[in-house]
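Trainee: Could you walk me through this one? I'd like to go from one chain out to its neighbours.

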Amino acid sequence: MTKSAIRLALLSALTAVTLTLSGCWDIKDINHRALPILMGIKQIDQDYKVFLLVPQAGQNNMNLNVISEAGDTINEALDDINKNTERKVDLLHLKVIVFERSFAEKGLEESIASFMRARDIPNKTFAAISDGELEPLFEKLKTSSASGGLEIYNYFEKNAGWTPDVAQTRIWEVYRSINSYTRDVVIPMIKPGHTTPIMSTGGAIIKNGKMVGSIDSEEALLYNLFKGMGTHGKIEVMNQAAVKIVSGRLSQSSRMDGDQPVMNSRLRLKVTVLETRGSTAEAEIKHEIDEMLSMRYRKMLRASQDKEADILGFGQYFRGKLSRDDLQSWRSIYYPRMKLNFRVQVLIQDEGLLKTRR
Amino acid sequence: MDKSRQVVVMYLISHIGLIFFLYPADIIASLSVGHWSAILFGFVCHVAMLAIFTKGLGCFDALNVIDIFQGVGKIFAFFTLLPVLLYFVMILIIAVRAYSEIVTEIFLGETPLWTIMLLFVAVSTFISLLGIESIFRTGVLVALLFLPLLLFVLVLSFQNADWHYVLPLIDRQAASFSYVIGRPYLQSLFAFVGGFMFLGFVPSHVPFKGRYVVGASFLLLPMFLVSVYVPLLTFGENTASRFPFPFIMAVDTVSISWLMFDRVTMFFMLSLICFLLLFLALVMWNTIQMLKRGLPFIRPAAANILLAALVLVFCLLIPNWQLVERLLWWNTSLRLYAAIVIPCLTLALGMRHRRKGVVQP
Amino acid sequence: MNMLPFLQARKELDSDLFLHRMLLPPHAVILAGFNSLIDLPQTILMLQQQAQSAVAVDNPLLALGSGIGSAMKDPTERTIWDAIAEGHLVVLSESSDRCIKIVPVGRSLSRAIESPSTENVLRGAISAFNEDLDTNIGLVKKHMLSEQLRIRPYIFGQDQRRRTVLLYMEGKVHEHLLRSILRKIESRKATDIPDLQALSDLLGFPKWTLFTRFNTTELPQDAAYALRNGKAVLLLDRFPFAVVLPSLLSDMYISENDRNSPSVFRLFFQVLRILGILTNILMPGLYVALVSVNPEVLRIELALSIAGSREGVPYPALIETLLMLFVLELTLESSIRLPKSIGPTITMIGGIILGQAVVQAKLVSNILIIVLAATTIANFTVIGFHNANAIRLYKYLLLVLSAMYGVLGLFVGIVLICAYLGHVNSFGIPYLSRWKTGGRNG
């Protein structure tokens, strides 16, 4: 065969192959996909019901849709949803998964495991628990949406509307706590707000995937402090004054006193004064904060020690001091016995634009 | 002309392409505490073998392994290098199959496996057809383009690390080195050994100095440590041992609000796959060199394409991940042979050559 | 004398040839030459002046022979014809058999030295090469008054007889390069060089290549800089640019003119150009990959806004991109050929109206327009018009691969392009090599 004939054959083979191969499988344009940002799961007897909040983008506006289906498993419900919508449901942009409280109390292990296994649900999705039923929450979110349903997303996003008394937990952290010897998590509890789309009612204590108790918003602030999540800009109200926490630093040390674990924690807070009632002295403000925080803290610790749920992750500090087998029984044996010495050191950075009495 | 820099870069990127996918899972599975000792042990073995090999090669003036062994005798060369040939072919098959599976799992869900395998094999064949000097130059250019991206993601992957998970540092099981003969650990050695055999085949075309390569291998140690410890620090040993690809899961947990892209994992893995393509091209070229000596009547270009077709056919025959793992296990014995016997033989022959050279006036 | 009938016969075929009878006392002579190449009145004046100054000597023809021209011994038809074709004046003596070849006052057939047409210069010399070979050599010499400069002349071809000159710096040029060039040139002196592709064939470069193995430059200072760096320069007659061998990747983003600015800015511009190249090649492919195959890589706000902008577009992203790229290529191509009077109007129509209307008619999404505008602008940040053309094709390869394999295809395409770049070489000098003082790639 001549050189040009070979070349022609090769070229036509290549072109034919490219034409048949191109664009066959994974191409699905972005406007033909549904990109839900919120998923809600509830359990009715043995069946699961799945809700999805899907934004629909037009040229100049954005609509929100709520889609829901029921099925024997979560995947079956999702398949049903996929079947019944005109677009392909793409869960890769999912931002928050909300569980109903009753479902959380029964145990979230299996669902969390299947979310981690699924390749299309990102493992940095936030987890939340809905205090009441899911339907009103979804309805409220749908009707009050101004920016295309991203309220729930911005609610948890650090750069947007997140405040430090809302716990921020992702699915992989829950999964980690299910398998860990020394750590449990707190999942924020939300419900439809009165004048805002969402309202936070504190946090749920999750031990091994099951909800065993709850903490209120102020305790959630302490929880965030312990996790090192900037208490920037949080208002703390007492009888005499209101201060804003500028920065908080926690230093902890641990030791074993025989068979009893002992934890020494010191919280250094820098605050600015926002409001005072009457004429209050600086020293009084500091004393008040110390007492109030310690009391709140001890109450929270006692509650979680009763439930054997190590939400503040103290077990991590004893990893070097206990052997691995002992760590396995951390929650049941050592943690309830743990003694905590907690002190707050307050530094008033400034007093705003007015002076206070020294 | 000394092209050590190119060789060093190629050495680094072949290893980086292999480390981050399968190595962490194997190490995490082989012991529960004190992983750093396992990593260090493997690394020390690797550096030792590398030093032996390059010293042996350095005794000869720009001769590659085939020439060296053929200097002793053709039959000798044939029998010592035949397992190496098999080893290379197995690496090609395993790597293409495993990485296409990973690609399907992580980003392209719907694309059938054979197209991805076809893409890998076709691109590697194309690159290896261009010749060894082109491969090295391409390696340098690709490294320049992608290494900053890689390092950026590596630094970011520490975002969720909880340093308490480093403790406890060691326990009895780790200290006794009993895990060394365990299956996961031996399997993990593929990240170490797979990469340096190519150094034996290139000196005739690309001369280099061995000590630079050995020095550069110390740059790899942090990579090994990071690839195992980032998932351990993020998840803890219990959780991390449940993942088949722990490092990728750990990078997935990173969330950066100021970047335009949401999933940095994807760019990270794609850079690794690009490094892998170069590695495959290199291995293919080595195999063709060996085939050229063994079967001199086939034209190298035709042999290359035949090899590619063979690899593709074998890959298509593997139906699932279990078989891939089993193949990896079988390959381990070939790998140990290639890693231990060949460098020692090279050094022995090298010493003999030098002594002969000194004696003769 | 026996040449005269031959010349008269040629004059029938070629009316440009003139045969002018003149009296150079005491001889009568016939001047033969091409009217289009010789300025006859000036030449006659010059000859008369010469003849007058030779009056003191008795034999003006002899004076002519030893003064301003050279005597042609045993002239054949072929040599006379060659002399006339080169633009010389042939003086035939009517009485004797002597022919003299004189360099006359020629017509100026080249334009003046102007500024370059395909390159823009900021802060540097603006004179560009023009069609006359001697002017060009002179311009290079002005920039490079070194005693190591070597100039070798050649004449190529049978029909065209193109004069060519090879310049290099003794001691700085790469020996291997010089030897290869000389070998190729001297073995193929009979081939014509009508265009640059023929030159490329003559030097033995492959025909189907995506990179030209030599650079062309319109600026003498760039040619001088190349010479100083050890490259070889070819100047061809009637080509208003210099051909620089070999070409390297660093020529795409490193320019001589940068050296007129401080180092920080020089680095900044180099990085900017490299980013421009990457943007040009990657952007369309990235758009298709992120919109069609892998939208999970985008942030949710961006994903929703792109989805909104694509609402109602009837075909997949790949076709949309190809369509708009096609329109852009047509615009670029036509803008080269537009006469200067219609040009701005068409630009306005193409740019504004087409871009705006096509989005409002929902044929393409407006984000695509932004992407493609950025791509096209980035295309021309590279140095050298031939380089800009070279990288125009790569984005299509990446586009097709992205459509098939998503972001994986994009990265694999980059590897393919890098592999091709690693392979290209001119005379054994690889495209990616570090060249003495400049360059990033080793």
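Predicted model: local features only at pLDDT ≥ 70, side-chain atom pairs only at ≥ 80, totals over all residues.

Trainee: Which domains does the assignment give for chain A?

Mentor: The C-alpha centres of the two lie 30 Å apart. The assignment for chain A gives domain 1 (30–215) and domain 2 (217–358).

Trainee: Which strand of chain A gives the most to the side of domain 1 that touches domain 2?

Mentor: Two residues are in contact if their C-beta atoms, placed from the backbone, lie within 7 Å. By that test, 20 residues of domain 1 of chain A meet 26 residues of domain 2 of chain A. Strands are DSSP E runs of at least two residues, helices are H or I runs of at least four, and both are numbered from the N terminus. Strand 8 (185–192), strand 9 (198–207) and strand 10 (210–215) of chain A each supply at least two residues to the domain 1 side, and the one giving the most, with five residues, is strand 9 of chain A.

Trainee: How many residues does the largest nonpolar core have?

Mentor: A residue is buried if 20 or more other C-beta atoms lie within 10 Å of its own, exposed if 12 or fewer, and partly exposed in between, with C-beta atoms placed from the backbone. A nonpolar core is a set of buried Ala, Val, Leu, Ile, Met, Phe, Trp, Tyr and Cys residues joined through C-beta atoms within 7 Å. In the largest, the residues with the most contacts inside it are Val186(A), Leu277(B) and Val415(C), and its count is 261 residues.

Trainee: Which helix gives the most to this core?

Mentor: The helix in question belongs to chain B and brings 21 residues to the core. That's helix 13 (residues 264–294) of chain B.

Trainee: Which element of chain C gives the largest share of the side that touches chain B?

Mentor: The contact takes 23 residues from chain C and 27 residues from chain B. The largest share of the chain C side is 12 residues, from helix 16 (residues 407–423) of chain C.

Trainee: And which element gives the largest share of the side of chain C that touches chain A?

Mentor: There, 22 residues of chain C are in contact with 24 residues of chain A. Helix 9, helix 10 (300–309), helix 11 and helix 15 of chain C each give two or more residues. The largest share, eight residues, comes from helix 10 of chain C.

Trainee: Within what arc do the buried residues of helix 13 of chain C fall?

Mentor: The buried ones in helix 13 of chain C are Leu368(C), Val371(C), Leu372(C), Thr375(C), Ala378(C) and Asn379(C). Their cover includes helix 9 (263–293), helix 11 (317–337), helix 14 (385–392) and helix 15 (394–405) of chain C. The arc is that of the directions from the helix axis to the C-beta atoms. Seen down the axis of helix 13 of chain C, the buried residues line one face of the helix, because they fall within an arc of 125°.

Conventions. Residues numbered from 1 in each chain as written. Chains lettered and ligands numbered in written order. Domains from an automatic or database assignment.
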